[in-house]
Amino acid sequence: MNEIILELTEISPREFFGQQNEHIDLLKKYFPKLKIVARGNKIKAFGDEELLEEFEKRFDLLTQHFIKYNKLDENSIERVLTSSEDDELKSSKNSGETLVHGVSGRLIKAQTANQRRLVDASKTNDMVFAIGPAGTGKTYTGVALAVKALKEKQVKKIILTRPAVEAGENLGFLPGDLKEKLDPYMQPLYDALRDMIPAEKLVHYIENGTIQIAPMAFMRGRTLDNAFVILDEAQNTTHAQMKMFLTRMGRNAKFLITGDPGQIDLPRRTISGLKEALLILQNVEGIEVIYLDDKDVIRHKLVKKVIEAYKTIEHHN
């Protein structure tokens, strides 16, 4: 029987191994044929040579992840242990880039292979589609890219928009004027911005129009120059809305369109502008489509399980 001993040097074993060694228990689950023992700052593993090699490679990735983000949780361990095609191996080399120094010292980075692809795609293309289920970080990563472009003076303004289709709730019944009515609807965009820009500065940006958060109807008739523009929840656009939006693109503009074709809230028999655009534009040079999936879910581990559970019934329908 072969054995390897791996040592943690610049890392706190307690944080790396998790409370009551819960992270080690996860490792054991993924490598059931290895005998894994953690003591002090060392991990010993016994077993088949090929498996030990794979274990060492994955362990190395976990330590890199810990050094980079200063934390390990069930999601990130699972992602590193299950990533295919050496995604994490390839992308961990260029993944250290901080997009934004956020509020209270938070470093905002792309955390998964597909989020990093999104960052790379945005560097080389002026129009990018980010497609994937809820919780995969497409909007959050997009807002970080927009804030980065603004801070680095690549653009003069950020424009964030969503089609005002309600998921079963009617905005008409909310009290207050239009801004107040739309605010709850635009909340995820505000939340992302609040993580990245100090409160007073954010208010200033919104008041002077540097950051504009508006429903799609406000885009009509405008040409969007020198702006980073994000269309969020794009699966709820109609054909006419999507065409109108995409043709607003002005000089020195970056467009990011995010959406989840599995969560369309449009009336029946209305074609989703996003689904249509993905078909029509798939071979257009300068436009890139990045697909995110369950592996990119950074929310509570249960979200991943919920997505999985729904997938099984949606496939049967």
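V37 of strand β2 (residues 35-39) stands opposite K44 in β3. In this predicted model, strands and helices are DSSP runs numbered from the N terminus, strands (E) having at least two residues and helices (H or I) at least four. Two strands are taken to pair if DSSP finds at least two bridges between them. β2 and strand β3 (residues 42-47) meet that criterion with 5 bridges in the antiparallel sense.

Residues are numbered from 1 along each chain as its sequence is written. In the predicted model, local features need pLDDT of at least 70 and side-chain atom pairs count only at pLDDT 80 or more, while totals for chains, interfaces and linings use all residues; side-chain values use heavy atoms, with hydrogens and water left out.

In general, strands of a sheet pair through backbone hydrogen bonds, either parallel or antiparallel.

Axes here are lines fitted to C-alpha atoms, for helices over the stretch in contact, and angles run from 0 to 180 degrees between N-to-C directions. A contact requires heavy atoms within 4.5 Å.

**Helix pairs**

| Helix pair | Angle | Axis separation |
|---|---|---|
| α2 (residues 22-30) and α4 (residues 74-82) | about 30° | 11 Å |
| α6 (residues 113-124) and α7 | about 35° | 10 Å |

The angle of about 30° between α2 and α4 makes α2 roughly parallel to α4, a term for angles under 35 degrees, with those over 145 counted as roughly antiparallel, 65 to 115 as roughly perpendicular and the rest as oblique. α2 passes α4 in a right-handed crossing; a crossing is right-handed if the near helix is turned clockwise from the far one by less than a right angle, and left-handed if anticlockwise. In this contact, H23, L26, L27 and Y30 of α2 meet E74, I77, E78, L81 and T82 of α4. By class, the contact of α2 with α4 has 5 nonpolar, 2 polar and 2 charged residues. In these classes, Ala, Val, Leu, Ile, Met, Phe, Trp, Tyr, Cys and Pro count as nonpolar, Asp, Glu, Lys and Arg as charged, and the others, Gly among them, as polar.

L26, a residue of helix α2, is buried, with a relative accessible area of 10%. Buried means under 20% relative accessible area, exposed over 50%, and partly exposed in between, with a 1.4 Å probe and protein chains only. Leaving aside neighbours within four places in sequence, L26 is in contact with E74 and I77. The C-alpha atoms of L26 and L81 are separated by 9.6 Å, and the two residues are 55 residues apart along the chain.

α6 likewise passes α7 in a right-handed crossing. Q115, L118, V119 and S122 in α6 meet K138, T141 and L145 in α7. The residues of this contact divide into 3 nonpolar, 3 polar and 1 charged.

**Individual loop residues**

T136 is found in the loop between β6 (127-131) and α7 (138-151). T136 is buried, with a relative accessible area of 0%. Not counting residues up to four places away in sequence, T136 touches Q115, L292, D293, D296 and V297.

Most residues other than glycine have a negative phi. Q20, although not a glycine, has a positive phi of about 50°. Q20 is placed in the loop between α1 (13-17) and α2, and counts as exposed at 79% relative accessibility. R269 is another residue other than glycine with a positive phi, near 70°. R269 lies in the loop between β10 (254-259) and α11 (273-280) and counts as exposed at 83% relative accessibility.

**The protein as a whole**

The protein has 12 helices and 11 strands. Of its 317 residues, 46% are buried. Among contacts with a separation of 6 or more, 72% are between residues 24 or more positions apart.
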